[in-house]
Amino acid sequence: MGWLAIFSPIHAAENSNFSIRWVTNSNQSIVEAAGFDTNTLRQFQSTNWQAADWQKLLSVYVGQDDLPADMSAPPMLGSYRVEANSIYFQPQFPLQRAVTYRAIFRPSRLLGANNSAADLVARFQLPPTRQKPTTVVTRVYPTADVLPENLLKFYVHFSAPMQGGHIYDHIRLRNEAGKLVELPFLEIDEEFWNPEMTRLTLFIDPGRIKRGVQPLEEIGPALETGKHYTLEIDSAWHDNAGLPLHEGFTKSFRVGPPDREPPAPATWKITAPEAGTRVPLAVEFTEPMDAALALRVIRVANSAGALVEGERALSDREQHWRFTPHASWKAGGYQLQVQNTIEDLAGNNIGKAFEVDLSEGVQRRFTNGVVKLPFDVQ
Amino acid sequence: MNTTYRFAMTFLMLGALTAALHAANWTEGMKEGKPEFKSMGPLAFGPEGILLVADTKAAAITAIATDDTAPVKNAKALKIEGINQKIAGLLGTSADQLLINDMVVNPISRNAYLAISRGRGPDAVPVLVRVKAGGELEAVSLNKVKFSRGELPDAPVDGVVGQGNRQSNPRQESITDIAFLEDRVLIAGLSNEEFASTLRAIPFPFKTVGSGTSVEIYHGAHGKFETRAPVRTFVPFKVGNQPSLLAAYTCTPLVQFPISDLQPGAKIKGKTVAELGNRNRPLDMIVYQKDGKDYLLLANSSRGVMKISTDNIENAEKIEAPVGGGGTKGQTYETIARWTGVDQLDRLDAQNALVVRRGEGNSLNLESMPLP
């Protein structure tokens, strides 16, 4: 209590001038504690108080006051400053909507050990958002209705940024009897979002698709040929604004046989456009390809090897790829460049199936490379 | 995660001179200032209280000289109930808007550090929280610290996806585990697009030119089928005389491969040394000693915590034939039934572990437990 000694005793009559309130200006909510006399304020300004010292006098807590958890809650982080005739506390992080914040000012800490001045409390809550739920799942890839038994992943696209953490509570796979498939997805803490959190990658647990692996023998594959399934995303999943989805989403599909054949670009059908136009280059795959990879690892280069700028798009159950250049096509030779990390829906790469059966004796070489398919624009 | 204890002892004895030369400049290349973080994921301690923080969004590892180097041999027992609620209170948010991404113990001071996400959206703020010996929580101020940064090599730069304007690259590699070993930081990663698991080794102290070794991890299931395998967590471990890594794949088995396999561009297959049964989703793994023997402790999301023997692991046969009917082959293990709901695990001191485990309701508790 040594630090109390630096303050000259304050007359009891002045106690009633103490006040505390929340002040909001330009989107910031801060706490103002007022009612000090000039001597006290001068002493504040000349001290070298750390946060722990300030917190004894003025501190802010999250939550209601009656719950046991709140009794032991630590004070919130923030900065203190003395300005005009008041002390201000500014939270270090933005306040959260619909959460009660409780600021407590303890003038008794100034008045000496015997003083019984009551603590002053001011509560504050940012109103809950008035917005209505609008975020939806815009698309799930693959879009085909028939998927291979050894399907590797889904991509779920949202119309706005989402919240992560505990996402698997909102994602389910149901079989044709309406029963939940147990743990079909790779559920790890590191969720597979894009940076904006508008796209989520769901991997089928590899242990539930690979052959010769113990989990498969014990609890069976996630998907079985000939059966129907439904992927469900429930609307209770919150977006980044804290609102649930406007509605849930389901994708029903049938499962076909496993695909163990690597994609073979030599079998793709390339339809070259005419020179002088901006008609898209069209490529027809022999099977649906992984949507994200098909849009990223396939490029077009001219005869000098320079990449041609343009827009890539997929259609027809991700079997059709087209490229619209920014500038008109010039006549000449071009190359479609495909990195062999591209995957089909079962994760087979160019030159290497997802699973290599070593007993076959055929050593398939896997090199990090690019397959180049030439075409002419005339 | 204190994965370097055993190694540090071995290598210091064998390579005393080299180690001594290195010890003089672990902070080489560090500047004083405020490191920027887009996210904070896996944590690991390097030498001399240097904390390594993985930032998946920035595809970088940041090394911070914590100066938390007052040695403590035996830590005090610790139990903080509702640590998620307390940290949320500290950061001015509700507990459901807080994620604990990792927890490690400084092997010198025995203080615990947590990588926290305040918020669950793309604008979540990463915060480093320290738990001091008395149980007091503090947000570690990073305004003026000595730090250095290692960028992950081979991060893909392509990603101009349509729409004219350059959009951000949707491809991201999630870092699932990191460890410091000798003079390198090892980093396990999983891509959100191609199904690929990589293990990278970048030299430490960090060099400015990205000169990492990257290998692909494969899983040979029973010697017949080989596929790429997602590594979830790993520890350095000496198998016989061979410095190795023990890795827990997401699809069940525990595999071992020698560190010497980490050659650039190599394809690492790993020898399966234990089949841990189905529904196994490994979370965290540590090595510890009990009664003069080494054990692995593996926290698992659905099956509790497994104590795995390393007896004779250097002679472990490759598990070749399918192990059916719930039997196990390879290293023996027991499930420690009383360790339920463990999310995070690290060694606290020679006798104890520190865990984050699910408590009542939505509480997460931080508590010390005697090593089994």
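A residue is called buried if 20 or more other C-beta atoms lie within 10 Å of its own, exposed if 12 or fewer do, and partly exposed in between, with C-beta atoms placed from the backbone. By that count, 35% of the 378 residues of chain A are buried. This is a predicted model, in which local features need pLDDT of at least 70 and side-chain atom pairs count only at pLDDT 80 or more, while totals for chains, interfaces and linings use all residues. Residues are numbered from 1 along each chain as its sequence is written, and chains are lettered from A and ligands numbered from 1 in the order in which they are written.

**Chain A overall**
- Chain A has five helices and 23 strands, taken as DSSP runs (helices: H or I, at least four residues; strands: E, at least two) numbered from the N terminus.
- Of the contacts in chain A between residues at least 6 apart in sequence, 66% join residues at least 24 apart; a contact here means C-beta atoms, placed from the backbone, within 7 Å.

**Two residues to look up in chain A**
- A:Gly165 sits in the loop between β10 (153-158) and β11 (171-175) of chain A, and it counts as partly exposed because it has 19 C-beta neighbours inside 10 Å.
- Leaving out residues up to four places away in sequence, A:Gly165 touches B:Leu99 and B:Arg120.
- A:Gln90 belongs to strand β5 (residues 86-91) of chain A and is partly exposed, with 13 C-beta neighbours inside 10 Å.
- The C-alpha atoms of A:Gln90 and A:Ser29 are 7.3 Å apart, although 61 residues separate them in sequence.

**Nonpolar cores**
- A nonpolar core is a set of buried Ala, Val, Leu, Ile, Met, Phe, Trp, Tyr and Cys residues joined through C-beta atoms within 7 Å.
- The largest one has 110 residues, and B:Leu52, B:Ile178 and B:Leu297 touch the most other members.
- Beyond its neighbours within four places in sequence, B:Leu52 contacts residues including B:Ile61, B:Ile178, B:Phe180 and B:Val185.
- A second, separate core of 54 residues includes A:Leu147, A:Trp237, A:Met289 and A:Ile298.

**A sheet in chain B**
- Five strands of chain B form an open sheet in the order β1-β10-β4-β3-β2, with antiparallel pairing; two strands pair if DSSP finds at least two bridges between them.
- At the edges stand β1 (31-33) and β2 (43-45) of chain B, each with a single partner strand, so one side of each has no neighbour in the sheet.
- Three bridges join β2(B) to the antiparallel strand β3 (residues 50-55) of chain B, and B:Phe45 stands opposite B:Leu51 in β3(B).

Methods:
Contact = placed C-beta atoms within 7 Å.
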